[in-house]
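Welcome, and please open your viewer. We will go from stop to stop, selecting a few residues at a time and looking at what is there.

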Amino acid sequence: MPHKRHGLSFPARLGWLRRRLFARGGEVGFLVLAVTAGVLAGCVVSLIRFLSHLLHSQLYGVAFSTGLSGSDLRRNWLLIAVPVAGGLLTSLILSLRRRRGGIVDPIEANALYGGRMSLTDSIWVTLQNLASNGFGLSAGLEAAYTQLSSGLASKLGLKMKLRREDMRVLIGCGSAGAIAAAFGAPLTGAFYAFELIIGTYSAVSLAPVIAAAIAATLVSQALSGKSFTIEIGQVGAISPGDFLPALGLGACCALLGILVMMTVVRTERLASASGIPSWLRPALGGILVGGLAFVTPQVLSAGHGAMHINLENEIPWTALLILFALKALGSAITIGSGFRGGLFFASLLLGALIGKAAAVPLEWLAPGMLSPTAMAVIGMTAFGVAVIGGPLAMTFLALELTGEFPITALALAAAITSSMVVRQTFGYSFTTWRFHLRGQSIRSAHDVGWIRNLTVGRLMRRDVRTASADMSIDEFRAAFPLGSTQRVIITDDKGGYCAMVQVAEVHADQDAAEPKQDLSEFFHHQTDVLLPGMNARQAAGLFEASHSESLAVVSDRIERRVIGQLSEAHTLRRYSEELDKQRRDITGSGE
C-alpha cells in the first residue's frame with residue numbers, strides 16, 4: 001500500500017517539506033533560509049546602488065558609477081535645484097504613506113517585536129533614502145540597504161512561520177548581507193549583525209549569518225563589480241609605540257563623534273521649533289546643502305568619491321579640517337531637515353579626514369611612525385564606532401578594505417578606546433540615542449520585547465479585598481477577621497486608591513497600652529501604586545524602592561481607581577520563569 005504522502009497535493013507536499021526542513025532544530029533548512037536572505041540582500045544592494053548612480057548621472061550629468069562627491073561639478077543652479085527637488089520629493093513620499101506611526105528598523109524589530117518588520121514600510125524607507133542620496137543630499141544608502149534587506153528576511157521568516165529567536169537571527173542575516181554587499185566585506189557584515197542587529201554572538205547563529213554575508217557579497221560583486229577598497233601601502237611591523245597615536249586618535253574621534261551626533265539632533269530640534277511647515281523643511285535643507293556644495297561638491301551624497309580624493313592625494317591638513325566641518329554640517333542638515341538616510345559612510349569619511357589631518361603633527365613629533373593613509377584608516381574605524389557602534393565590525397572593515405593585517409591591531413585599539421569614551425561620556429551610539437529621543441528605552445538589539453509583554457495588567461490579581469476610608473477600626477476588625485486576608489486596600493467614596501492596611505497590624509493593636517483611634521493611622525503606601533502598563537522589571541523596581549511585598553494596581557494616576565493587586569513574590573517568579581524560557585529558546589535552537 002503506497003504511503004499517504006504520495007497522494008498529497010503540491011501545496012500539501014510543500015507544507016510537509018517546510019515542516020521537515022524548518023522544524024525546531026532544523027539547521028540545514030535554516031541555513032538555506034539564511035543564504036536566501038543573503039542572496040536577496042545582494043540583489044537589493046545592487047539595485048539600490050544602480051538607481052542611485054542613475055539618478056546622479058541624470059540629474060548632475062556625471063559619468064555613471066562615478067562618485068558624485070568626487071566629481072568636478074560646475075558651480076551652477078543645479079547644485080541648488082536638485083537637492084531642493086529631492087526635498088520636495090521626500091515630502092511627497094511622506095504624504096503618500098498612508099499608515100501613520102514610526103517605521104520599525106532592524107534593531108528595534110529585534111529588540112521589541114521578535115524580528116517582525118513591515119516590508120511595505122521598508123520600501124517607503126528605501127524610496128525616501130533614494131530621494132536624499134540620489135538627489136545629492138549628504139546621506140548614505142546603508143539605511144536603505146539594511147532596512148529593505150531585513151524587511152525581506154522578516155517577510156521570508158513570517159512565511160515560513162519561524163519562531164521568535166529564529167526570526168531575530170534571520171533579520172540579522174538580512175542586515176549582515178546588506179553591509180557585506182555594500183563594502184564587499186563579509187566579516188564586517190557578519191559582525192555588524194552580531195553586535196548591532198542580533199545583539200549577541202552565539203555559535204548557533206554563526207553559520208547562518210556568515211553564510212548570508214558571503215552569499216550577499218558574491219551576488220553583489222557578480223551584479224555590480226568590485227566594491228570600495230582603500231590602498232594604504234605596506235604598513236610593516238607594528239611596534240608598541242604605534243599604539244599611542246592610535247589610542248589618542250580613538251579618543252579624539254569619540255569626542256568629535258559625540259559632537260556630530262549632538263549637532264544632528266540640535267538641527268532637528270531647531271527645524272521643529274522654527275515654525276516652518278514640515279513639508280517645506282526638506283526643501284530648505286536642500287538649499288542649505290546645495291550652498292555647501294558651492295564651496296566643495298565633496299559634501300554631496302555619501303562621500304565615496306571624496307574618500308578616494310582625500311586618501312590618494314596630498315591634501316593640506318587645513319583643507320581636510322574644513323571639509324570635515326562642511327561634511328559634518330551637511331550631514332546634520334540633511335538628517336535634521338527631514339531627509340531619510342544614515343551616517344554610516346559619512347562617519348567613515350569624517351574619521352578618515354581627522355585621521356589624515358592628525359598625521360601631520362604626528363609626522364612632526366615622530367617622523368615615519370605611521371603613514372597618513374594608515375592614520376586615516378584608524379580614524380575611520382574609531383569614528384565609525386563612535387557614531388554607529390560595533391567595534392569588531394569596524395575593525396574587520398579596516399582589515400577587509402585595506403587587506404593589511406597589521407593595521408587591524410591599531411584599528412582595534414582605536415575602536416575600543418572610542419567605544420569606551422562614548423559609553424562613559426555620552427552613553428549611546430547615534431542609533432540607540434535616537435531611540436532614546438523617541439521615548440524608547442532600548443539601548444541595543446537585545447530581546448526585551450518579552451519583558452514589555454509581561455505587564456502588571458497580565459500579572460495582577462483582580463479579586464482584591466477593599467474597605468472604605470471612613471470605616472472605623474472596630475468595623476474593620478469585624479469585616480476582616482485575623483487570618484481572613486493579609487492586606488486590605490482602602491478606597492475613597494469614588495473607588496479611588498487611598499492606602500494599604502495590614503490586617504494583622506490592626507488586630508495586634510487592640511492589645512496595646514494605648515490603642516490607635518483612627519484607621520488612617522494604619523495606612524501604608526499612600527503614594528506607591530502600580531499601573532497596568534508597567535512591565536515586570538519596572539514593577540520589581542517599585543517593590544524594592546517602596547519596601548513593600550504587595551502593591552495596589554490602579555487604572556491611572558488621576559482617578560487611581562483600584563483594579564487589582566500584585567505581590568513581589570509572584571512578579572519575580574513569573575519574571576524568572578519567562579527569563580528561563582527565553583534562555584531555553586536560545587540554547588534550544590542548537591538542539
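A residue is called buried when it has under 20% relative accessible area, exposed when it has over 50%, and partly exposed in between (1.4 Å probe, protein chains only). By that rule, 52% of the 591 residues of the chain count as buried. This is a predicted model, in which local features need pLDDT of at least 70 and side-chain atom pairs count only at pLDDT 80 or more, while totals for chains, interfaces and linings use all residues. Residues are numbered from 1 along each chain as its sequence is written, and side-chain values use heavy atoms, with hydrogens and water left out.

**The whole chain**

Start with a cartoon view: the chain has 24 helices and five strands. These are DSSP runs numbered from the N terminus, helices being H or I with at least four residues and strands E with at least two.

**Helix 3 and its neighbours**

Select residues 78–96 to see helix 3, whose 19 residues reach 26 Å from first C-alpha to last, close to the 27 Å expected at 1.5 Å a residue. That expected span is 1.5 Å times one less than the number of residues. Among the buried residues of helix 3 are Leu79, Val82, Gly86, Gly87 and Ile93. Which helices do the buried residues of helix 3 pack against? They pack against helix 2, helix 5 (119–133) and helix 11 (281–295).

**A nonpolar patch**

Next, select Leu47, Phe50, Leu51, Leu54 and Phe64, which make a nonpolar surface patch of about 420 Å². Patch residues have over 30% relative accessible area and no salt bridge; like charges are joined within 9 Å, and nonpolar side chains (Val, Leu, Ile, Met, Phe, Trp, Tyr) within 5 Å. Leu51 sits in helix 2 (residues 27–60) and is partly exposed, at 31% relative accessible area.

**Salt bridges**

The structure holds five salt bridges, each a side-chain nitrogen of Lys or Arg within 4 Å of a carboxyl oxygen of Asp or Glu. Show Arg163 and Asp166, whose side chains meet in one of them at 3.4 Å, N to O. Asp166 counts as buried because its relative accessible area is 16%. Moving on, Arg461 and Asp463 form a salt bridge at 3.2 Å, N to O; Asp463 is exposed, at 52%.

Strand 2 (residues 487–491) and strand 3 (residues 497–502) run antiparallel, joined by five bridges; two strands pair if DSSP finds at least two bridges between them. Ile489 has Met500 of strand 3 as its bridge partner. Five residues separate the strands of this hairpin, and Gly495 in the turn has a positive phi of about 85°.

Most residues other than glycine have a negative phi. Lys161, not a glycine, has a positive phi of about 55°; find Lys161 in the loop between helix 6 (142–159) and helix 7. Is Lys161 buried or exposed? Lys161 counts as exposed, at 65% relative accessibility. For the last stop, select Arg560, which also has a positive phi of about 55° without being a glycine, in the loop between strand 4 (550–554) and strand 5 (562–567).

Technical notes:
Accessible areas come from the Shrake-Rupley method with a 1.4 Å probe; for residues, only the protein chains shown count as cover. Contact means heavy atoms within 4.5 Å.
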